[in-house]
Number of protein chains: 2
Amino acid sequence: MIQLISYPLKNNWAALSARPQYDFEKLEKIVSQILNEVKKSGDAALQKFTLQFDGIHLNELKVSENEIKESGNLISGELRKSIALAKKNIERFHISQKESIRKVETSKGVTCWRKSVPIEKVGLYIPGGSAPLFSTLLMLGIPAKIAGCKEIIVCSPPDKNGNISPAILFCANLLGLKNIYKIGGVQAIAAMAFGTKSIPKVNKIFGPGNQFVTAAKMMIHKEGISIDLPAGPSELCVIADGTCIPSFVASDLLSQAEHGPDSQVILLSWDKLTIANIQAELKKQLLNLPRKNIALQSLKNSKAILFKNRDEAIEFSNKYAPEHLILVVKNADLIAKKISNAGSVFIGNFSPESAGDYASGTNHTLPTNGYAKSYSGVSLDSFNKKITFQKLSKSGLKNIAKAIETMAEAEGLIAHKNAVSIRIK
Amino acid sequence: MIQLISYPLKNNWAALSARPQYDFEKLEKIVSQILNEVKKSGDAALQKFTLQFDGIHLNELKVSENEIKESGNLISGELRKSIALAKKNIERFHISQKESIRKVETSKGVTCWRKSVPIEKVGLYIPGGSAPLFSTLLMLGIPAKIAGCKEIIVCSPPDKNGNISPAILFCANLLGLKNIYKIGGVQAIAAMAFGTKSIPKVNKIFGPGNQFVTAAKMMIHKEGISIDLPAGPSELCVIADGTCIPSFVASDLLSQAEHGPDSQVILLSWDKLTIANIQAELKKQLLNLPRKNIALQSLKNSKAILFKNRDEAIEFSNKYAPEHLILVVKNADLIAKKISNAGSVFIGNFSPESAGDYASGTNHTLPTNGYAKSYSGVSLDSFNKKITFQKLSKSGLKNIAKAIETMAEAEGLIAHKNAVSIRIK
């Protein structure tokens, strides 16, 4: 079912953990044209590109109050209840990330602290297309609200009738978000980065998207707008041994594979039979999937890798740095402590990736493409910046004055030294 | 002395808080040539550029153990003592930023938490040139050590004799850093991003630099290497009223102005006389500065802005989002609570920027160029990524199963739904 690689030599590991490469220069050419046109022509450009890419002419980009209010009636009671439960769990987990102010007296009379302050204006991009990802709005909107961002705007592409999925609007309404715009793709990123007459400029842009959207986010970064993460195709790595339940693992691999043809699925084990059992289950479960063709394509690029032992599998996983990592192995809690590079880790047979995708409470906006080596996923921190403060008393300054003066002088910065000397003489 | 702007209209505020613009495209052309050559030719390119830009041919880029050990003998006992005091304070403040693991049971049987894990390989860039900034090595090296980064490498340009300042080497030795390379500029960033035979590739690059170094950091970001901050010229904003001591304020403005001709200095007040007094002091103190010519140039671009009242001055400061902000006003502690955009805030007459630059304990690597609206300065967080974990019991999964299944189905992701259904049936 998926390609089996047995006992790869260590000097092949880098190739085995490589991600698909995009031609950034080519992407940038296309993307910069759209960015520039939105910068120059504002709303007119937004309308033009919406007609071109979404197939609809819109006079009004902003979703009306009425559309938002009505959205609840257009989805099932079961879905409303489910979203409410997910919201509660996501809230609980992200509220736990709040940081209190800790004042530290570093030297006597020298007090330093830092404070989390919300980023004032944030823009949330929610992809539409084949699957309207309302869960992403929960994952971005909830921490933005907890942080206390003053202006939260949402952009999502309209369908051919000029509508945004009612599930997205229902989530927005539940979170108290009122500024929702029918705009997608690169043009949405451009609108939030530069501002237009109808869409306000923001300080930071969040949200997943295709390679064009990602390239646009990377490019507007140069214009002083920050972004959550450089996103890439979604990834799942599973480390499994004989204690796993093969049908469960197969269902997880398929849930990743159905995302898109470029999704990355990797199974690591030191047990041949486990891999064989999972492969057999994959075949069986694939048959009835509505998104079977997508899953098949992504499974073609997927790998099952057989290692000599557990330690090698863990080492490889840390080199690969997967977005999602499922551990279905003996002593999974202990193994979890050895994970040094991953976006989010799912421990044991009853922790499917789907749980974190929707409703357990963790954030599903996570580093892909190996970025887990240096990036965290979205959290409450992503919507705050931390400002440091310091207050010195006269005697406090005296206590560290000589050190400052000496160091400033050694760096050749005499005015830095003077700023201390003049205060203590 | 510096240009006075009285009662600016609000629609001029954006222009008043604009930063100097660089021609990024032109920079990128020059920078990408160096990046590509290092990528292609490794150490040979490093040697070529070091000869070209630093005027020295080096067979060996790595600083020898002996050079590191000897460094302490080449600086004064006073400087060694000062650095030790600064180290102690910086350590205390950054250790206070450690985060313990908080396990949260979001639904019964659903436990989520996150853990700070050090970024494995980090590269610290320390500028040399006219002033060897050993203080920056403390600011970057100390949190890197506290976080527990496994591989910490340091790059700094050699002088014409092929040496790195002994103060930099002494700091490295004090922190237990052994991998120090004599390489500066764009070529140093390239070496750490791509790796060469003698310099290892890292996951994240830290440190200030000129516009070429900054452009290089922005460009290698696309290659999967993350960076601390997009750095720009250093900035100081002072909000002052009649309670300030004009000579102190003038000394602070000059300490900023001496950094470089493109440094940004802004004085805000609602008291004409205060501004006049500070101007008079500026003139007086400027006379004896060794870096007078640099300071003069940067003061030419600086502004004193007179506002109608305190609230306007605070509002302007938050729009400007300065790297450093000094508050020398009545009720400074209360005013500090109203600051929503700044890198680091210095409260009261005895808290000069120099204190935070060197020895109070806060980090001096801070967001410039308005990035304080969405970025934090360097902290312990910058050397960690936070991995989320979750563990569900069978009954825990059952408690949220219906919500996941319903949401997955509504997003059209049936394999996501199946991964839950198969586990609870």
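Tutor: Let's start with a cut-off: a residue is partly exposed when its relative accessible area falls between the 20% limit for buried and the 50% limit for exposed. Keep in mind that this is a predicted model.

Student: Why is B:Asn331 called partly exposed?

Tutor: B:Asn331 has 43% relative accessibility, so it counts as partly exposed. This residue sits in the loop between strand 12 (324-328) and helix 14 (332-337) of chain B, and its phi is positive, near 55°, although it is not a glycine.

Student: What makes B:Tyr7 partly exposed?

Tutor: Its relative accessibility is 44%, so B:Tyr7 goes into that class. B:Tyr7 also has a positive phi, of about 45°, and belongs to the loop between strand 1 (3-6) and helix 1 (13-16) of chain B.

Student: Good, now the rings. How many aromatic pairs are there over all chains?

Tutor: A search of the whole structure gives 18.

Student: Why is the pair of B:Phe307 and B:Phe316 called tilted?

Tutor: The planes of B:Phe307 and B:Phe316 are at 45° and the centres 5.4 Å apart, so the pair is tilted. Stacked would need under 30 degrees and edge-to-face over 60.

Student: And what makes B:Tyr371 and B:Tyr375 edge-to-face?

Tutor: Their planes have 80° between them, with 5.2 Å centre to centre; the cut-off is over 60 degrees.

Student: How do you know that B:Tyr371 is buried?

Tutor: Buried means under 20%, and B:Tyr371 has a relative accessible area of 3%, so it is buried. B:Tyr375, with 16%, is buried too.

Terms used: Residues numbered from 1 in each chain as written. Chains lettered and ligands numbered in written order. Predicted model: local features only at pLDDT ≥ 70, side-chain atom pairs only at ≥ 80, totals over all residues. Heavy atoms only, no water. Phe/Tyr/Trp six-rings, centres within 6.5 Å; stacked < 30°, edge-to-face > 60°. Buried < 20%, exposed > 50% of the residue type's maximum accessible area, 1.4 Å probe, protein only. Helix = DSSP H or I, 4+ residues; strand = E, 2+ residues; numbered from the N terminus.
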